[in-house]
Amino acid sequence: MLADEASPYLQQHAGNPVHWRGWSPKSLAEAKRLDRPILLSIGYAACHWCHVMAHESFENPDIAGVMNRLFVNIKVDREERPDIDQVFMAALTAMGEQGGWPLTMFLTPDGKPFWGGTYFPPQPRYGRPGFVQVMEAVNKAWNEKRDSLVDSANGLTSHVGARLSGTGSRGQLTGDTLITLADGIHGMIDLQNGGLKGAPKFPNAPFMQALWLAWLRTGSIQYRDAVTISLEKMLSGGIYDHIGGGLSRYSTDALWLVPHFEKMLYDNAQLLRFCNWAYAETGNQLFRVRIEETVDWILRELRVEDGAFASSLDADSDGEEGLFYCWDKDEIEEALGADARQFFDLFTLAEPAGWEGKPVICQTDAQRIKSIADAETAARLKAQLLSVREKRVRPGRDGKILTDWNGLAIAALAECGRALRKPEWISAAIAAFDQIARSAIDNRLPHSALGSKKLFPALSSDYAAMTNAAIALFEATADRIYIDHAQNFVTQLDLRHGDEQGNGYYLTASDSKDVPIRIRGDVDEAIPSATSQVIEALVKLATVTGEIALQEKAWTVAEHAAGRAERQTYGQVGILNACELAMEPRKLILVDQAANPSLVPVANRNPDPRRVDIPVPVGTENRLAKLPGGTAPPTDTAAAFLCTGQICLPAIKDTGELETALRVKAVPTI
């Protein structure tokens with residue numbers, strides 16, 4: 001029943017002896033008709049423990065027989081259906097359990113959760129009960145205590161609905177809120193090893209962005225250094241693929257050393273932006289090199305079809321986690337010959353306690369510095385090893401094209417292409433954008449696509465991410481067509497996702513009929529929440545167009561989202577980051593020569609996530625860029641107009657003066 005699905009993850013399970021159904025109204029109706037509880041399993045294609053549970057349990061005919069006898073079994077790809085995943089992950093958390101994937105939930109026949117967990121081994125071990133033992137206990141409880149379980153499921157569903165779908169009152173948007181948030185995050189940072197204290201270690205993009213925005217607002221270097229140290233450490237550790245480029249999803253230890261080897265498009269898109277900001281601020285060549293290596297990896301290994309990007313690479317190959325990426329000393333020496341000595345001077349093969357695979361390539365601080373100083377040698381050695389590695393059995397690739405993740409990647413490629421003068425990256429971003437824009441039917445985007453198979457309707461995060469991508473491409477190309485696209489995407493947001501009061505948006509479209517709860521999408525995951533991306537999109541589009549009604553809309557949505565975020569700040573950092581953009585929207589109108597610009601390159605090499613750049617070729621009619629009050633700047637000569645809110649600096653014509661204006665920080669407070 002899964003063979004025709006658009007998700008490679010679901011297709012992986014099509015041959016299981018389990019009678020899997022996809023999540024659909026038909027599957028839910030079947031559970032009601034049979035009056036049988038639902039066993040819901042949620043995972044994704046690159047998930048190592050999902051593969052483990054599949055091999056141990058879902059491929060086992062005896063265990064599958066128990067599943068088929070007792071439950072209606074439904075399989076969900078969390079990347080295709082984050083709206084489903086977030087509901088049941090919140091339910092598991094509300095039960096006092098730690099979340100993760102695979103997510104294993106037991107539901108009433110009408111789809112309400114009453115018990116769950118994550119990975120279960122086939123027999124009791126790791127301190128966990130065996131899966132068959134779990135299923136039999138759930139079945140016994142269902143048969144003997146059904147009324148009690150139904151009451152619990154109703155109460156849990158109401159709790160999750162109030163948490164994820166609530167309205168709430170307006171919040172107060174002030175700069176102090178951001179600084180208080182950043183101070184709290186800074187207190188969690190491991191200032192020696194980077195990232196949050198302890199293990200496992202995730203890049204945690206929303207936290208990193210909060211610190212960076214606090215640095216831009218205050219000029220306090222503690223916030224900047226927390227980000228740059230974290231980047232330096234993760235880009236030296238085993239979590240970074242030193243041979244092929246790109247970041248793994250997280251490290252299992254506190255030193256960024258042993259990764260969980262799956263590689264996700266969204267992690268690397270966000271990494272590109274952080275490295276771009278850090279390189280512009282510090283001039284540290286490490287960040288430039290890692291940008292180039294990671295873009296090369298994305299274009300080499302994730303680009304599919306007409307230019308859009310696949311979702312992820314698996315952690316496993318040949319049934320072993322990390323096998324594709326790890327090397328022992330003999331393999332290095334065989335591949336490099338006499339050059340192996342140079343390699344071991346620049347890189348380390350680490351075998352940390354508890355790691356059972358081959359050694360992991362990483363760098364000490366001294367090796368990182370040395371390899372950047374001798375970048376040519378390092379690049380040559382990496383290229384030799386990459387050529388050898390390409391002959392290995394490759395990890396599986398989840399080739400589905402997710403619209404929101406592609407939006408993140410398109411924006412990152414456009415921004416980095418501007419900053420590092422790589423027009424080919426901007427061209428790659430354009431190709432990906434065009435493919436996704438063409439996939440729309442009746443102006444509605446799909447959330448996911450694999451070949452001719454497309455999953456409609458899109459989520460609010462899809463329209464928001466593509467709006468932000470469109471504006472990034474407008475900044476890079478000055479082509480007004482991208483603003484037209486952005487306006488169309490926001491129109492769809494309003495039509496299909498807006499709430500009745502006009503105060504915010506829902507993650508799912510109004511005609512999505514199979515969601516147990518229509519949630520807001522406020523909670524951050526590895527990427528900022530849908531709500532935060534929507535606020536950013538509204539603010540940026542309003543900044544470009546100068547539309548007063550859209551500016552007011554962005555402010556209203558931000559206020560109400562901030563009010564909801566007050567109850568669970570650290571889970572909704574993305575919202576407060578987006579509110580920072582709403583409080584002080586910045587625009588830079590760049591009237592410049594199209595063929596030989598002088599001011600645009602200055603703006604390109606000084607990126608600022610709070611700012612929207614509006615390029616206007618000298619001598620052209622300007623129908624878009626407006627100063628506060630609605631007046632259009634003259635276009636007869638090159639000049640830059642930098643505005644924060646309703647206040648603009650005098651026209652800047654000197655490149656040095658523009659450089660200074662763009663690099664000004666607030667007076668340090670510590």
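Eight charged residues sit in the lining of the second largest cavity, alongside 5 nonpolar and 2 polar ones. Here Asp, Glu, Lys and Arg count as charged, Ala, Val, Leu, Ile, Met, Phe, Trp, Tyr, Cys and Pro as nonpolar, and the others, Gly among them, as polar. This is a predicted model, where local features need pLDDT of at least 70 and side-chain atom pairs count only at pLDDT 80 or more, while totals for chains, interfaces and linings use all residues. Residues are numbered from 1 along each chain as its sequence is written, and side-chain values use heavy atoms, with hydrogens and water left out.

A cavity is a set of points on a 1 Å grid over the protein atoms alone where a 1.4 Å probe fits but cannot get out; a pocket is an open set with protein on both sides within 12 Å along at least five of seven lines, and lining residues have an atom within 4 Å of a point. For volumes, grid points are joined across faces, edges and corners, and the space filled by probe spheres set on the points is what counts. The tally is 6 cavities of 30 Å³ or more.

| Space | Volume | Lining residues by class |
|---|---|---|
| Largest cavity | about 350 Å³ | 14 nonpolar, 8 polar, 5 charged |
| Second largest cavity | about 150 Å³ | 5 nonpolar, 2 polar, 8 charged |
| Second largest pocket | about 490 Å³ | 15 nonpolar, 2 polar, 10 charged |

Back to the second largest cavity: of its 15 lining residues, Glu415, Arg418, Pro607, Asp608 and Arg611 lie nearest the centre. At least two lining residues each come from α11, α17, α24 (600–604) and β19. Helices (H or I, at least four residues) and strands (E, at least two) are DSSP runs, numbered from the N terminus.

The largest cavity has 27 lining residues, with Gln209, Arg273, Leu408, Pro528 and Glu536 nearest its centre. Among the elements giving at least two residues each are α9, α11 and α17 (403–419).

In the second largest pocket, Arg586, Arg610, Ala661, Leu662 and Val664 are the closest to the centre out of 27 lining residues. Helix α9 gives the largest share of that lining, 4 residues.

Now for the sheet. It is open, with 4 strands in the order β19-β18-β20-β21 and mixed pairing. β19 (611–617) and β21 (647–648) each have a single partner strand, so one side of each has no neighbour in the sheet. Two strands pair if DSSP finds at least two bridges between them; β18 (residues 586–592) runs parallel to β19, joined by 7 bridges. Leucine 588 faces aspartate 613 in β19.
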